[in-house]
Amino acid sequence: MTQRYALGSTHNQPGKANAEAGVVLLDGPHGIAITMTPYAALETGKSLMEAAAIAQTQISEPPYDRA
Amino acid sequence: MFTDKFLRQRSGTSLTREERAVLENAISEVRTLDARTTIARAGEPLSNSTLLLEGFMCRYVDDRQGLRQLVAVQVPGDFVDLHAYPLKVLDHDVATLTAVTVAILPHDSLNHINSTMPELTRKLWFSTLLDAAMHRAWVFRLGRLDAVGRVAHFLSETHLRLKAVDLSDGARFALGITQSDLSEICGITNVHTNRVLRQLREEGLCVFRSSLVDILNVEGLARRGQFDPDYLYIRFDSDDPDRERLM
């Protein structure tokens, strides 16, 4: 597997969440397409924010890609 | 003729009159089956293979909670379980999605073809390789595409497969599956599928209603699903508009 593919699997575009019929639908980034209960979505959101904050401390320049 | 849809409009291969006659003679029985009937279970020894004549079938795998993932959909003209001829047992279940008519070919008959008709054997092999190509496309679909892309890719694929056997007029086809089946094909929930179908309709790409599919924009739907038809080995007629739109 080439470096290009390895880098390509780390996503720098955010996913998009929508509420529908009492559940949360998460689309993207890329191949992600899942449905969560509000509880699962909230907890996943918290976990993502905590992990993102730690990940930012693990790299130097740039802190993260907003592109 | 029961085998007239088999390998129809596939590039690089078509059956001669003699080969078709041999395949017809290999059929031991034609059966009709109700919708939602499991015809082969994983691990069960099999001595026949099944050619789908009418209706839709699927291969599926259940997870430990009993939730089903469809891993293939078979349309008329497909050999549903030709793999069972060399494998003798399958690693997945096979079921009908709609009421179907199938032709049964005993493995003994396939043995005879295998030992006497190498070119027909190669064409049967081609059809299983076509299944393998579709499996690769399905892996790509689930691994790389978002929910809208997955549904768009599946409907683009099905549009071409059905058109090859004259079951789509190029813009509309009957797809005897439910929204729930579509969810199990695309690995998403029913709520998600419902939203995706609404989005595809609002974007003017396609309408899926009561198991009837209207493709409003063939090129746009294919683009949304990153659908490249090469893996279907379709032989497009020179005047087929999809030749320009999709190739």
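1. Angles between axes are sorted into classes: under 35 degrees counts as roughly parallel, over 145 as roughly antiparallel, 65 to 115 as roughly perpendicular, and the rest as oblique. The axes are lines fitted to C-alpha atoms, for helices over the stretch in contact, with angles running from 0 to 180 degrees between N-to-C directions. Helices (H or I, at least four residues) and strands (E, at least two) are DSSP runs, numbered from the N terminus.

2. This is a predicted model, in which local features need pLDDT of at least 70 and side-chain atom pairs count only at pLDDT 80 or more, while totals for chains, interfaces and linings use all residues. Residues are numbered from 1 along each chain as its sequence is written, chains are lettered from A in the order in which they are written, and side-chain values use heavy atoms, with hydrogens and water left out.

3. Start in chain B. Helix 1 (residues 17-26) and helix 4 (residues 118-144) of chain B cross at roughly 75°, their axes coming within 10 Å. Helix 1 of chain B and helix 4 of chain B are therefore roughly perpendicular. Helix 1 of chain B makes the contact (heavy atoms within 4.5 Å) through B:Glu19, B:Val22 and B:Leu23; helix 4 of chain B uses B:Glu119, B:Leu120, B:Lys123 and B:Leu124. By class, that contact has 4 nonpolar, no polar and 3 charged residues.

4. Next, the interface. Chain A puts 18 residues in contact with 14 residues of chain B. About 1000 Å² is buried between chain A and chain B, 47% of it on carbon and sulfur atoms. Buried area is the accessible area (1.4 Å probe) that two parts lose on being put together, summed over both. A:Glu20, A:Gly31 and A:Ala33 supply 41% of the area that chain A buries against chain B, more than any other three residues.

5. Chain A and chain B share 2 salt bridges (a side-chain nitrogen of Lys or Arg within 4 Å of a carboxyl oxygen of Asp or Glu). A:Glu20 forms a salt bridge with B:Arg195, their closest N and O atoms being 2.7 Å apart. On the side of chain A that touches chain B, strand 1 (16-20), strand 2 (23-27) and strand 3 (33-36) of chain A each give two or more residues. Strand 2 of chain A gives the most, with 4 residues.

6. Two backbone details deserve a look. The peptide bond from A:Gly28 to A:Pro29 is cis, with omega near 5°. A:Pro29 sits in the loop between strand 2 and strand 3 of chain A. B:Arg36 is not a glycine, yet has a positive phi of about 60°. B:Arg36 lies in the loop between strand 1 (29-33) and strand 2 (38-40) of chain B.

Notes
Ala, Val, Leu, Ile, Met, Phe, Trp, Tyr, Cys and Pro count as nonpolar, Asp, Glu, Lys and Arg as charged, and the others, Gly among them, as polar.
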